[in-house]
Amino acid sequence: MLVVFRLACSQIDTEHGMSPVRPLPPESAIEIDAITHRYGQRTLYRNLSLTITKGRVVALLGKNGVGKTTLIRLLMGFLRPSSGHCRVLGQDSHALSPATRARIGLLFEGHLTQDYMSIAQIERYHRPFYPGWRAELYYDLVDRMGLSRNHKIAQMSCGQRSQVVLGLIFAQNPELMILDDYSMGLDAGYRRLFLDYLAAYLGEGGKTVFLTSHVVQDMEVLVDEVVFLQRGGEILQMPLAEFRHSFRCFAFSLPASAQPPAADAIIHNPDVFARPPRLYSFAERDQVARHLAARCPEIALGEELPMTLEDAFIGLTGKY
Amino acid sequence: MWQAILLKEWLKLRWTLAALLVVHLGLLAYLGLALRYQFQVEHSEMIWYWAFELRRLLHTPLQYLPAVTGAALALAQFGPERLHGRFRLSLHLPVRADLLVWSWLAVGALLGAALSALDAIGLYGLIGLWFPREAAASAVLTALPWLLAGWVAYCGATLALLEPAWPRRLAYLGVSLAFVGLLFQERGYQEYDLVMPALLLLALLYVPAVILPAHRYRHQASL
């Protein structure tokens, strides 16, 4: 198994934080077409549209409460939007056939599972539903916990429960994985192991992953595309490489008497609490400098600062 | 696949079933001891007079047991599905939701029926120890509405547990409690004989009805 992992992982271009180049079939695995969804008076999304192409690994990122889990519930037909519709693997979310559901590995938020079962019982329970079931993958993952196979899931820690649930999804060998906050409760070592497994799974080809996570740095080596979901349902979807290339962070100096620059079409998000103060922008340095000179001449633009993906995520969405 | 479904239901129900079995056997034993005590402290003619002239029921300790059993089975079976929204896990399985819910219902109903059969056989045997066979058969026929109350309580609790919306949940509970109440109105032997077929048909309406909350849970407008 580890040999498989190493082969798969060797294909990852970690230098640039990019996933290996995979052939991209044109069909879409997920289509969200102009959905509007409300909770009471609060509109979560208005006319939100999104397409996930087959064979891609796409991360849905956003701050707490922007509606990532709700979007996944809408996708899987557990919620009905006020308007618009979602299609998964070519079928309407509310009319997914059993055969199509068998092709979708779904991780519910909080690693929801039948925790009254034991490690062995839950594998026995799921096995008959999936023709391509790979029990060896499940046991390879869960045996690492060093627990008896008769151990009850209810008596496990949050992280151990996560290992069981993710093991079940890998054993299912689905064509499409939808993972809602897969990293919740996982320690750093297991998270890496999970990423290795995911890389091996993707290495088999024809697989699509749509995931959310609060551990943004994992996305750097994993995903092809990022979708940033903002409050109000605005989204920004682009290839990760393009985002890393075009989204920039600049230091600036702010005299005590001067007002900090406000966000506008050029300046995405000024952060005056950072040391040094910094601003984020999709524009190049010259354009930002000209813009500041025209609007806030007292502010001196500094150098472009290197960013991790997490820095860029915070730069785009804000700290608060 | 059906074996897997059976496995899950068994894992949820086994301890409740064991506890119910103990309670049912205990109540049957209590009924036997109570009858034996009656015959020791009273003349047989007096007990005969109470039972068949005054039409007092001798087996009332069993009266509410099937209803309590039905509700307990539903709680053990569907409580865990309801908790933390685990019902969604089952609804994502590659199997038709209606067949899945009916298979759950069949498992619960069969176990409830087995306990009811135990009650009926036990009742027939106990009454038959002291009374003629006709009296034992009459006691079982008199207990039939109580056994039906077990099915109604099971289905009513199932509907309430699967239903996502509180107003409907309360409506299901209200209707089911009223139905259960209707089955405990007798004051003597075999008073429900003529109406039992109609009540049975009415109770069978629960079979298609359980699909509705499952459908609403799957496709609800908001959680």
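The centres of domain 1 of chain A and domain 2 of chain A, taken over C-alpha atoms, are 35 Å apart. This is a predicted model.

## The two domains of chain A

The domain assignment of chain A gives domain 1 as residues 2–239 and domain 2 as residues 247–317. Contact between them involves nine residues of domain 1 of chain A and six residues of domain 2 of chain A.

## The four-stranded sheet

Chain A has an open sheet of four strands in the order β2-β1-β4-β5, with antiparallel pairing. Which strands stand at its edges? They are β2 (42–53) and β5 (91–92) of chain A. Each has a single partner strand, so one side of each is left without a neighbour in the sheet.

β1(A) and β2(A) pair in the antiparallel sense over eight bridges. Within this pair, R38(A) stands opposite T43(A) in β2(A). The two strands form a hairpin with two residues between them. In the turn, G40(A) has a positive phi of about 60°.

Helix α2 of chain A, residues 68–75, lies across β1 (28–39), β2 and β4 of chain A. Helix α2(A) runs at about 115° to β1(A).

## The six-stranded sheet

Chain A also has an open sheet of six strands. Its order is β6-β7-β8-β3-β9-β10, and the pairing is mixed. The edge strands are β6 (104–107) and β10 (235–239) of chain A, each of which pairs on one side only. Direction ignored, neighbouring strands of this sheet are turned by 10° against each other on average.

One pairing in this sheet joins β3 (residues 57–61) and β8 (residues 208–212) of chain A. Do these strands run parallel or antiparallel? They run parallel, with four bridges between them. L60(A) stands opposite T212(A) in β8(A).

## Chain B

Chain B has 10 helices and zero strands. Its C-alpha trace spans about 65 × 30 × 25 Å along its principal axes.

## Two helix pairs

Two packed helices are described by the angle between their axes and the distance between the axes. The table lists one pair from each chain.

| Helix pair | Residues | Axes come within | Crossing angle |
|---|---|---|---|
| α5(A) and α6(A) | 135–142 and 158–172 | 7 Å | roughly 160° |
| α1(B) and α3(B) | 2–41 and 65–82 | 9 Å | roughly 165° |

With axes crossing at roughly 160°, α5(A) is therefore roughly antiparallel to α6(A). The crossing of α5(A) and α6(A) is right-handed. Residues of α5(A) in this contact include L137(A), Y138(A) and L141(A). Those of α6(A) include V164(A), L168(A) and F170(A). By class, the contact has 10 nonpolar, two polar and no charged residues.

In chain B, the axes of α1(B) and α3(B) cross at roughly 165°, and the two helices are therefore roughly antiparallel to each other. The crossing of α1(B) and α3(B) is right-handed. On the α1(B) side, the contact residues include E9(B), K12(B), L13(B) and L20(B). On the α3(B) side they include L65(B), A72(B), L73(B) and P80(B). This contact has eight nonpolar, four polar and two charged residues.

## Where the chains meet

How many residues does each chain bring to the contact between chain A and chain B? Chain A brings 23 residues and chain B brings 24 residues. On the chain A side, α3 (98–102) and α4 (119–126) each supply at least two residues. The largest share of that side, four residues, comes from α3(A). By class, the chain A side divides into 15 nonpolar, five polar and three charged residues.

Conventions
Residues are numbered from 1 along each chain as its sequence is written. Chains are lettered from A and ligands numbered from 1 in the order in which they are written. This is a predicted model: local features need pLDDT of at least 70, side-chain atom pairs count only at pLDDT 80 or more; totals for chains, interfaces and linings use all residues. Two residues are in contact if their C-beta atoms, placed from the backbone, lie within 7 Å. Ala, Val, Leu, Ile, Met, Phe, Trp, Tyr, Cys and Pro count as nonpolar, Asp, Glu, Lys and Arg as charged, and the others, Gly among them, as polar. Two strands pair if DSSP finds at least two bridges between them. Axes are lines fitted to C-alpha atoms, for helices over the stretch in contact, and angles run from 0 to 180 degrees between N-to-C directions. Angles under 35 degrees count as roughly parallel, over 145 as roughly antiparallel, 65 to 115 as roughly perpendicular and the rest as oblique. A crossing is left-handed if the near helix is turned anticlockwise from the far one by less than a right angle, and right-handed if clockwise. Domain bounds come from an automatic or database domain assignment.
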